[in-house]
Amino acid sequence: MRIGVIGAGQMATALGSGWVKAGHEVLIGGRSTRRAADAAERIGPGTRHGDLRQAAQFGEVTLVAVSGTAVVDAVRQAGGEDGALAGRPLIDCSNAVAPTAFTGPAPGAFVLAEDAVAERIAGVAAGAHVVKAFNVCAAEVWAGADRRYEGRPLGVPLCGDDPDALRTVATLVADLGGEPVLAGGLDRARYLEGLAVFAMGLWFAGYDARAVLPSTVSGSSAG
Ligand SMILES: NC(=O)c1ccc[n+]([C@@H]2O[C@H](COP(=O)([O-])OP(=O)(O)OC[C@H]3O[C@@H](n4cnc5c(N)ncnc54)[C@H](OP(=O)(O)O)[C@@H]3O)[C@@H](O)[C@H]2O)c1
């Protein structure tokens with residue numbers, strides 16, 4: 001599959017690397033083509049690079065991996081309002097955090113910049129099938145060698161309205177060794193965004209966010 005990536009940072013590199021290893025063609029599109037070229041080089045031979053519009057045009061699927069506060073603007077710059085992303089899945093992995101979210105005394109310091117970034121993206125990406133995905137785990141999880149934790153595959157929640165787009169994104173999750181978790185329509189993306197920001201606040205405050213949501217079957221009282 002051809003995958004265009006809007007953004008040239010950590011998530012673009014981590015997810016792009018996994019998809020190239022799985023046999024997909026990736027084009028990294030950045031507002032700086034030099035940084036896009038650097039990211040493409042980090043991913044490896046055969047990875048293309050270009051600007052934001054080229055990323056939108058290249059993909060059968062597009063990933064937008066840009067800072068949460070800039071993502072709507074980046075989709076606009078990529079030609080979203082002109083239909084450059086129409087009729088195809090647009091994966092949104094962004095987190096709705098303000099740049100200063102974690103500089104204060106966490107976890108109280110994090111904020112949702114605005115709710116439902118995914119829905120706001122859909123508002124400027126005419127005809128695109130937006131799927132919220134990959135926003136919960138750190139880029140290091142995707143850059144690592146394995147996606148099994150405590151004997152189970154990593155679950156990746158997906159929120160979106162188009163069944164074909166959800167199927168395509170589920171395939172891309174499986175290609176990275178994750179297990180797709182169909183978590184409802186795009187109207188539920190705001191909960192996924194809130195969950196991720198809340199968990200990040202806990203991590204930054206020094207807590208283990210996994211301890212907040214333990215499995216009911218693996219607790220010491222089970223059995
Ligand atoms: N890192 C993680 O562990 C992680 C995990 C899950 C989700 N996420 C989310 O994924 C998204 C990307 O994160 P990241 O870690 O890859 O960030 P990053 O490494 O800081 O990269 C951010 C990218 O956004 C671009 N950008 C910023 N403002 C822009 C604008 N106005 N127009 C166009 N491009 C712009 C940057 O371009 P320049 O290089 O030109 O500055 C850069 O390519 C964020 O929303 C983040 O919350 C991150």
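Buried means under 20% relative accessible area. By that cut-off, Trp-19 and Phe-134 are both buried. The model is predicted.

**Aromatic cluster**

Two aromatic pairs turn up in a search of the whole structure. In one of them, the ring centres of Trp-19 and Phe-134 are 5.7 Å apart. Their planes stand at 75°, so this pair is edge-to-face. Trp-19 belongs to helix H1 (residues 10-21). Phe-134 sits in the loop between strand S6 (129-132) and helix H6 (139-143). The pair therefore ties together parts that are 115 residues apart in sequence.

Phe-134 also pairs with Trp-142. Here the centres lie 5.2 Å apart and the planes meet at 80°, so this pair too is edge-to-face. Both Phe-134 and Trp-142 are buried.

**Salt bridges**

Side chains of opposite charge can pair when their charged atoms come close. The structure holds eleven salt bridges.

| Salt bridge | Distance, N to O |
|---|---|
| Arg-2 and Glu-60 | 3.6 Å |
| Arg-48 and Glu-25 | 2.7 Å |
| Arg-76 and Glu-81 | 3.1 Å |

Take Arg-2 and Glu-60, which meet in a salt bridge. Arg-2 lies in strand S1 (residues 2-6). Glu-60 lies in the loop between helix H3 (52-58) and strand S4 (61-64). The pair therefore ties together parts that are 58 residues apart in sequence. Arg-2 is partly exposed, at 34% relative accessibility. Glu-60 is partly exposed as well, at 36%. Arg-2 has a further contact: it lies over the face of Phe-58, at 5.8 Å from the ring centre.

Arg-48 and Glu-25 also meet in a salt bridge. This pair links distant parts of the chain, with Arg-48 in strand S3 (residues 48-50) and Glu-25 in strand S2 (residues 25-29). The two residues are 23 residues apart. Relative accessibility is 41% for Arg-48, which counts as partly exposed. Glu-25, at 37%, is also partly exposed.

Glu-81 forms its salt bridge with Arg-76. Glu-81 has 47% relative accessibility and counts as partly exposed. Arg-76 has 39% and is partly exposed too.

Elsewhere, salt bridges form a network that links Asp-92, Lys-132 and Glu-193.

Terms used: Residues are numbered from 1 along each chain as its sequence is written. This is a predicted model: local features need pLDDT of at least 70, side-chain atom pairs count only at pLDDT 80 or more; totals for chains, interfaces and linings use all residues. Side-chain values use heavy atoms; hydrogens and water are left out. A salt bridge is a side-chain nitrogen of Lys or Arg within 4 Å of a carboxyl oxygen of Asp or Glu. Helices (H or I, at least four residues) and strands (E, at least two) are DSSP runs, numbered from the N terminus. Buried means under 20% relative accessible area, exposed over 50%, partly exposed in between (1.4 Å probe, protein chains only). Rings of Phe, Tyr and Trp (its six-membered ring) pair if their centres lie within 6.5 Å; planes under 30 degrees apart count as stacked, over 60 as edge-to-face and the rest as tilted. A charge sits over a ring if NZ of Lys or CZ of Arg is within 6 Å of the ring centre and within 35 degrees of the ring normal.
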